[in-house]
Amino acid sequence: MKYIFRFYNERRLVLGNFFSLGLLQLTNYLIPLLIIPYVIRVIGMDRFGLVSIAQAIAIFAGVVVDYGYNLTSTREISLNRNDMSRVQEIAGITLCGKLILFLISLGLLLVASFLFPQVWEERVLYLAGFSLVVGQFLFPVWLFQGLERMQYITLFNAVAKVVSLVLIFILIRGTDDYELVIPCLAAGLIIMSILSYYVLYMRYGIKLKMPELHQVMLSLRQGFPVFTSNVSVALYSTTTILMLGFFSSNTVVGYYSTAEKIMMVPRQVAGIFSQAIYPQLCQIAGQGWQSIKAFWSSWMPILLAVVVIVVTCIFLFAEKITLLLAGESISQVSELIQILMLVPLAVSFNVYSYLTLLAFDFRSQVVKVMLPLALVNLVLNAILSYTFGAVGTAWSLVITEVLIALFLYFILQRSISKFTSI
C-alpha cells in the first residue's frame with residue numbers, strides 16, 4: 001500500500017493529465033458512437049459513407065492547419081511556462097501560423113471544387129465539412145497541454161460534444177440533412193474554443209500578442225519536420241477512405257468508416273498517453289538518456305496492458321458492436337473491426353520511440369521514417385483496395401503501422417549514443 005501511495009505521489013501530475021485526457025477522448029469517441037447509429041438509420045449507409053469522405057478531407061486539412069504545433073508549441077510552452085510573457089508570444093505565433101495554413105487549405109478546397117466534378121457536385125457538403133477545420137484551428141489544445149491544465153480541455157470538449165449531440169438529434173431528420181452532420185459536430189467545438197480564450201485570459205492573464213511575420217515564418221520552418229511527419233501519418237490514415245471511395249461504393253466506405261471509428265477507441269489510449277506524458281518527457285530529456293529510460297520502464301507496461309485489454313474485448317465482441325452501431329449484423333463490418341484491432345497494438349509500440357526522438361528534438365529522424373512509409377502506404381493501399389476492397393484497405397493500414405513501429409525503434413537504437421552526449 002505504501003508503494004502504491006508513493007507511486008501515485010511521484011506521478012500524480014501525469015496521472016491527472018492522463019485521466020483528464022482520458023475523459024476528453026472518451027467524450028471524443030463515446031458521443032460519436034452514440035451518434036453513428038442514429039445518423040446511419042436516418043441518412044442511410046450510402047450517405048454516411050459520403051459524409052465520411054468529406055470528414056476525412058476535413059481531418060486531413062486539420063492536420064495541415066495544426067502543422068505539428070500541438071507538439072512543437074506544447075514543448076515550447078512547457079519549457080517556458082513560468083515566463084508568461086514568452087507563453088503569450090508563443091500563443092500569438094502559433095495562432096497566426098495556423099491562420100495562414102487555414103486560409104491556404106480553404107483556398108485549395110475551393111480550387112478543387114472547380115477542377116473536380118465529384119467535388120463540385122457535393123460542394124456544399126465539403127465546404128460545410130470545413131467547419132470542422134475551423135474548430136480544430138481555434139481550440140488551443142497545445143496551450144492547455146503546455147501549461148499542463150488538461151482538465152480545461154476535458155471540460156470544454158465534453159460540453160462541445162454534448163452540444164453537437166443535441167444538434168444532431170434536432171437537425172438531422174431525413175436523408176437530405178446529410179450536409180448538416182459535420183457542421184453539427186463542429187458547432188460545439190467552435191463555441192467552446194471561443195470560451196476557452198476567455199478562460200485563459202481570466203484565469204492566467206494570457207493575452208494574445210500579434211507577432212512579427214518573421215517569427216511566424218521561423219516557427220513554420222522549425223516545425224516543418226514535425227509537420228512532415230504528421231502529414232505522412234494523415235496521408236495513410238485519411239487517404240485510406242478516399243482511396244476506398246475511388247475504387248468502391250459509398251456504402252462500402254460507410255462499412256469501413258464504421259469499423260475505423262471503433263478502431264480509434266483503443267488507438268486513442270496511446271494518443272491520450274502520449275499527450276499526458278509529453279510535457280514531462282521534454283523536461284526529463286534534459287536529464288539525459290538514463291532518466292528517459294527509467295521513465296519509460298515505469299509507464300510502458302501500463303500502456304501496453306490497457307491497450308491489450310481493450311483490443312481483446314473489442315475483437316471478441318465485434319459482431320455485437322456491429323449490430324449495435326449499424327442496426328443489423330453486417331459480416332463485412334465485423335471482419336474489418338477485427339483486422340483493424342492490430343493497428344492500436346502497433347501504435348502503442350511506436351509511442352516509445354516516437355516521443356523519445358521528439359523530446360530530444362530529433363525531428364528529422366522521425367521524418368526519415370514517416371514520409372517514405374506514407375508513400376509506401378499510398379501504393380500499397382491503392383493495390384490492396386483495388387484488389388480486395390475494404391479488407392485490403394484495412395490490411396494496408398495494419399502493415400504500415402507495423403513498419404512504422406519497427407523502423408522508429410531501429411532509428412531510436414541508432415540514436416541512443418547521441419542522446420548520451422547531450
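Q: Before we start, what counts as contact here?
A: Contact means heavy atoms within 4.5 Å.

Q: And what kind of model is it?
A: This is a predicted model, in which local features need pLDDT of at least 70 and side-chain atom pairs count only at pLDDT 80 or more, while totals for chains, interfaces and linings use all residues. Residues are numbered from 1 along each chain as its sequence is written, and side-chain values use heavy atoms, with hydrogens and water left out.

Q: OK, leucine 138. Which helix is it in?
A: Leucine 138 sits in helix H6, residues 131-138. Helices here are DSSP runs (H or I, at least four residues), numbered from the N terminus.

Q: What does leucine 138 touch?
A: Ile190, Ser193 and Tyr197, not counting residues up to four places away in sequence.

Q: Why does leucine 138 count as partly exposed?
A: Because its relative accessibility is 22%. Buried means under 20% relative accessible area, exposed over 50%, and partly exposed in between (1.4 Å probe, protein chains only).

Q: How far is leucine 138 from aspartate 66 in space?
A: 9.9 Å, C-alpha to C-alpha. In sequence the two are 72 residues apart.

Q: Switching to glutamine 55. Buried or exposed?
A: Buried, at a relative accessible area of 16%. Glutamine 55 belongs to helix H1, residues 2-66.

Q: Which residues is glutamine 55 in contact with?
A: Leaving aside neighbours within four places in sequence, Leu132, Ile182, Leu185 and Lys261.

Q: Pockets next. What volume does the largest pocket have?
A: About 900 Å³. A pocket is an open set of points on a 1 Å grid over the protein atoms alone, where a 1.4 Å probe fits, with protein on both sides within 12 Å along at least five of seven lines. Points are joined across faces, edges and corners, and the volume is the space filled by probe spheres set on them.

Q: How many residues line the largest pocket?
A: 29, of which Ile53, Ile57, Val119, Tyr126 and Leu242 lie nearest its centre. Elements giving two or more residues to that lining are H1, helix H3 (84-115), helix H4 (117-121) and helix H11 (224-247). A lining residue has an atom within 4 Å of a point.

Q: How does the lining of the largest pocket divide?
A: Into 20 nonpolar, seven polar and two charged residues. Ala, Val, Leu, Ile, Met, Phe, Trp, Tyr, Cys and Pro count as nonpolar, Asp, Glu, Lys and Arg as charged, and the others, Gly among them, as polar.

Q: Now the largest nonpolar core. Which residues touch the most other members?
A: Tyr256 and Trp296, in a core of 110 residues. H1 gives the largest share of this core, 19 residues. Apart from it lies another core of 22 residues, among them Leu147, Tyr152, Leu200 and Tyr204. A nonpolar core is a set of buried Ala, Val, Leu, Ile, Met, Phe, Trp, Tyr and Cys residues joined through side-chain atoms within 4.5 Å.

Q: What does tryptophan 296 touch?
A: Beyond residues up to four places away in sequence, its contacts are Phe273, Ile277, Leu281, Pro301, Val351, Tyr352, Leu355 and Thr356.

Q: Helix H10, then. Which of its residues are buried?
A: In H10 (residues 213-222), Gln215, Val216, Ser219 and Leu220 are buried. Down the helix axis they fall within an arc of 140°, so they line one face. That arc uses the directions from the axis to the C-beta atoms.

Q: Which residues are exposed on the other side of H10?
A: Leu213, His214 and Arg221.

Q: What covers the buried residues of H10?
A: The cover includes helix H2 (69-79), H3 and H11.

Q: Last ones. Where is tyrosine 354?
A: In helix H16, residues 342-359. Tyrosine 354 is buried at 15% relative accessibility.
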